[in-house]
Amino acid sequence: QRLVNPQAPRMVTWNSEAQKQAILTGLRYETDVLCILATGSGKTFIPVTCALVEKGSLTIYVVPLNSLYSNIRHTLTTAQVPFEVYGSSNQRLQSSTRLVLTTVDRANNSSFVAMIRKAKEDHAYLRLRLAVDEGHMADSDGSYRPALANIGELRQIASLQLMVLTGTVPPPAVDHLRKTLLLSEGDDTTILRTTTNRPEISFILWQPVAAVNKVLVDLIATLW
């Protein structure tokens, strides 16, 4: 709030310690960042805050789902965060633009790449950042949505920081995801992880029975 409204209270509050560390890591601009944070940790505003703090920078925020795109667009608008959406093949970025929101599919075309390259040439950004939300989908859905598996290739536009946000990457899957998204090797990628346990979610299995109605009544009774 303070970043977009000078009259807001000066007190800084974080959704989580992991959110704070991710933002600080992004602002240091020394490594790529893989944020594996639980739901409610404040992943969305990690790249957004970096974009608002930095001058002479551009953050490209890419999301894989139209529903998520709409939600983030609404959130940014409600919070009065200045940003631009990509939606035109002949679009040009203003020099004041620090944050661009788009979808994976829109980002995977030559017009988008040309726009970013032209903006970099015109505005001489000191820093470029590519933030990929729900990054795990590059592995889970990339086989039938090539745009997801190819999103890491956007870093060929220029030297940039790649920031991947997700809440769904078990430790054994980290190395494969890093290769898929072309995250930097070794210590050149900072990995921040919180527990992704969801105790409020449970799975109940039972054998199929003829008296389905009775089973449902009994189940509802136990929940209430």
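What volume does the largest cavity have? In this predicted model, the largest cavity has a volume of about 40 Å³. The count of cavities of 30 Å³ or more comes to one.

**Cavity lining**

The largest cavity is lined by P64, V104, V132, D133, E134, G135, M137, A138, L148 and I151. By class, this lining comprises seven nonpolar residues, one polar residue and two charged residues.

**Nonpolar cores**

I151, one of the lining residues, is also among the residues with the most contacts inside the largest nonpolar core, together with L58, L93, F112, I116, L130 and L154. That core has 35 residues. Helix α5, spanning residues 110-123, gives the most to this core, with five residues. Apart from it lies another core of 24 residues, including A18, I23, I46 and V81.

With residues up to four places away in sequence left out of the count, I116 touches L58, I60, L93 and I157. In soluble globular proteins, nonpolar side chains tend to be buried together.

**Aromatic pair**

The structure holds one aromatic pair. Y86 and F112 form this pair in an edge-to-face arrangement, with 4.9 Å centre to centre and 75 degrees between the planes. The pair links distant parts of the chain, 26 residues apart: Y86 lies in the loop between β3 (84-85) and β4 (99-103), and F112 lies in helix α5.

The accessibility of the two partners is given below.

| Residue | Relative accessible area |
|---|---|
| Y86 | 4% |
| F112 | 0% |

Y86 counts as buried because its relative accessible area of 4% is under the 20% cut-off. F112 is likewise buried, at 0%.

Note on methods. Residues are numbered from 1 along each chain as its sequence is written. This is a predicted model: local features need pLDDT of at least 70, side-chain atom pairs count only at pLDDT 80 or more; totals for chains, interfaces and linings use all residues. Side-chain values use heavy atoms; hydrogens and water are left out. On a 1 Å grid over the protein atoms alone, a cavity is a set of points where a 1.4 Å probe fits but cannot get out, and a pocket is an open set with protein on both sides within 12 Å along at least five of seven lines; lining residues have an atom within 4 Å of a point. Grid points are joined across faces, edges and corners, and a volume is the space filled by probe spheres set on the points. Ala, Val, Leu, Ile, Met, Phe, Trp, Tyr, Cys and Pro count as nonpolar, Asp, Glu, Lys and Arg as charged, and the others, Gly among them, as polar. A nonpolar core is a set of buried Ala, Val, Leu, Ile, Met, Phe, Trp, Tyr and Cys residues joined through side-chain atoms within 4.5 Å. Buried means under 20% relative accessible area, exposed over 50%, partly exposed in between (1.4 Å probe, protein chains only). Helices (H or I, at least four residues) and strands (E, at least two) are DSSP runs, numbered from the N terminus. Contact means heavy atoms within 4.5 Å. Rings of Phe, Tyr and Trp (its six-membered ring) pair if their centres lie within 6.5 Å; planes under 30 degrees apart count as stacked, over 60 as edge-to-face and the rest as tilted.
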